[in-house]
Amino acid sequence: MDFGIQNQTDEQQQANKESSNQNVNEGNKKQTGFCAFLTVEFYTPYFNVTETDVIQRIQGTFLPLKPDFLNLIRGNPDLWGPIWINATLIFMITAIANLRQIDEEKENQSFVISYVPQATALLYIIAFGTPLVLAAVMKFLGVDLSFFQTICLYGYSMSTLLPITILCYFQNELFLWLIIVYGFANSSLFLIINLKEELDKLQIQKKYIIIGIVVTMQLSLYLFYKLVFFSYVTE
Amino acid sequence: MDYTNQKHPQNYSQMEDLKTLDLEESVSETIMRDLRMIAYKLKYVLIPKEQEDNGKELRNWDLWGPLIFCLTLAMTLSFKADSTTSSSKSDVFAIIFVLIWVGAFVVTLNAQLLGGKVSFFQSVCLLGYCVFPINIEAIIIAFVGSYLPFVVKLIPVIICFAWSAYSSVGFMASLVPPHKKKLAVYPVFLFYLFLSWFSLIV
């Protein structure tokens, strides 16, 4: 670059800037149209993360009292996390539930594998269905949170279940209930504190509607978890 | 062109020349040709030394191989399903079948969404062929599994899982930009882990 003499006039610089902006826009051309959400390109901008980003976001969910998560993902919500955290959970539920059933003395062991379709339905409906409903409700009540940010927030809140599932290996009923309650508290707090900033702009009743939806869904998720997947205890 | 020397085509370009003879050959010959193609591709995918041309052979994708391995795995695992699981045989078969195809679909979609420019079916084909080691371990465990303690069963499972994962990871990792490699590779790893777990449990 020539720092000494300003060779280009201002108009030329403006023209260059516009043409370079055009090139950038063509590169990031978003699909428009009614059925755009059915194309792959529509979702590509939401996978713009690296592995360190993902790990950082997961770590953020374990410290619910620091409301940094929303700021972390605001500019760059990603869908990789929600999808694959839930897939990992499905595998872990099956594996841990089967490990619990292993009993060396029994001749013909019978393992449960019907958890796979059940867990898939449960986790994916809660991870993607709840944010759908929540985002619609919030848009209706006037909160400025995009749909994908809500999915991202919800999907990452599922990562609290990762260590909980591993800990569910132990057979002690009291211990299981304790960690389930802890998980419920952690993820609900995480969601509420991160939404707090946005919700404070609303009236009290509207705020509680949203908090109510969030807490109910988390409660049903954790109850289902405990009662269906991990209630089997060997004699 | 002299076709007599080209009785056993090694790739699709040679097959094109033989198209005119398809209707005249016996059924067994057609089937054997397809089986030979599958065997060739299997060797290519699973034995890394064969890949001298950096995976170009994979452009001739086919879904017969994956289908055969998927069906074999599902049938092997549902064979003893009544005694080893609390679900019925058809449940096990359905779960495995759906898991393989939906899993391959989602893993490929994931690679595409992360920015990889790969043909969809090429990737599904590769993932399907790499299910073959899982097949081997499922058959081993189905026959001798009831006589072995759990820990001994783990050995072939881990070996075959590592073999599958290693074969497919090289291809998948080369598809996406370097800073997203682990994000594309982890789902492949999870997919084969899931299948290995089933072959161990059932």
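## Close-up views of a predicted two-chain model

**Figure 1. Confidence along chain A of the predicted model.** Chain A has a mean pLDDT of 76, with 80% of its residues reaching 70 or more, and these values belong to a model that is predicted. Among the elements of this chain, the lowest mean pLDDT, 47, is that of helix α1 (residues 10-27) of chain A, while the highest, 88, is that of helix α7 (residues 161-167) of chain A. Over residues 15-29 of chain A the pLDDT is below 50, and the model gives this stretch 1 contact beyond near neighbours in sequence. Residues 1-8 of chain A likewise stay under 50 in pLDDT, and for them the model has 5 contacts beyond four places in sequence. For the model as a whole, the scores are ipTM 0.80 and pTM 0.80.

**Figure 2. Chain A as a set of helices.** Chain A contains 9 helices and 0 strands, and of its 235 residues 42% count as buried. Where contacts in chain A have a separation of 6 or more, 77% of them are accounted for by residues 24 or more positions apart. The accessible surface of this chain comes to about 12900 Å², and carbon and sulfur atoms account for 62% of that area.

**Figure 3. The covered helix α6 of chain A.** Helix α6(A) is mostly covered, with 10 of its 11 residues buried. Among these buried residues are Phe148(A), Ile151(A), Cys152(A), Leu153(A), Tyr154(A) and Tyr156(A), and they also include Gln149(A), Thr150(A) and Gly155(A). The partners against which the buried residues of α6(A) pack are α2, α3, α4, α5 (115-141), α8 and α9 (204-229) of chain A.

**Figure 4. The buried face of helix α2 of chain A.** In helix α2 (residues 51-61) of chain A, the buried residues are Val54(A), Arg57(A) and Thr61(A). Seen down the axis of α2(A), these buried residues fall within an arc of 65 degrees, so they line one face of the helix. Their cover includes α3 (69-74), α4 (80-101), α6 (147-157) and α8 (173-199) of chain A, together with α9 (181-201) of chain B.

**Figure 5. A salt bridge between buried residues of chain A.** Arg57(A) forms a salt bridge with Asp78(A), in which the closest N and O atoms are 2.7 Å apart. This pair links distant parts of the chain, since Arg57(A) is in helix α2 of chain A and Asp78(A) is in the loop between α3 and α4 of chain A, 21 residues away. Arg57(A) has a relative accessibility of 4% and therefore counts as buried, and Asp78(A), at 1% relative accessibility, counts as buried too.

**Figure 6. A salt bridge that joins the two chains.** Across all chains of the structure, a search finds 4 salt bridges. In one of these, the side chains of Lys182(B) and Glu51(A) meet at 3.9 Å, N to O. Lys182(B) lies in helix α9 of chain B whereas Glu51(A) lies in helix α2 of chain A, so the pair joins two chains. Lys182(B) counts as exposed, because its relative accessibility is 57%.

Figure 7. The secondary structure of chain B comes to 9 helices and 0 strands, and 46% of its 202 residues count as buried. Chain B averages a pLDDT of 80, with 83% of the residues scoring at least 70, although over residues 1-6 of chain B the pLDDT is below 50. Within this chain, the side chains of Lys41(B) and Asp62(B) meet in a salt bridge at 2.9 Å, N to O. Lys41(B) lies in helix α2 (residues 27-46) of chain B and Asp62(B) in the loop between α2 and α3 (64-79) of chain B, so the pair ties together parts that are 21 residues apart in sequence. Lys41(B) is buried, with a relative accessible area of 2%, and Asp62(B) counts as buried at 9% relative accessibility.

Figure 8. Leu148(B) is found in the loop between α7 and α8 of chain B, and with a relative accessibility of 33% Leu148(B) counts as partly exposed.

Notes. Residues are numbered from 1 along each chain as its sequence is written. Chains are lettered from A and ligands numbered from 1 in the order in which they are written. Side-chain values use heavy atoms; hydrogens and water are left out. Helices (H or I, at least four residues) and strands (E, at least two) are DSSP runs, numbered from the N terminus. Buried means under 20% relative accessible area, exposed over 50%, partly exposed in between (1.4 Å probe, protein chains only). pLDDT is the predictor's confidence in each residue, from 0 to 100. Contact means heavy atoms within 4.5 Å. The arc is that of the directions from the helix axis to the C-beta atoms. Accessible areas come from the Shrake-Rupley method with a 1.4 Å probe; for residues, only the protein chains shown count as cover.
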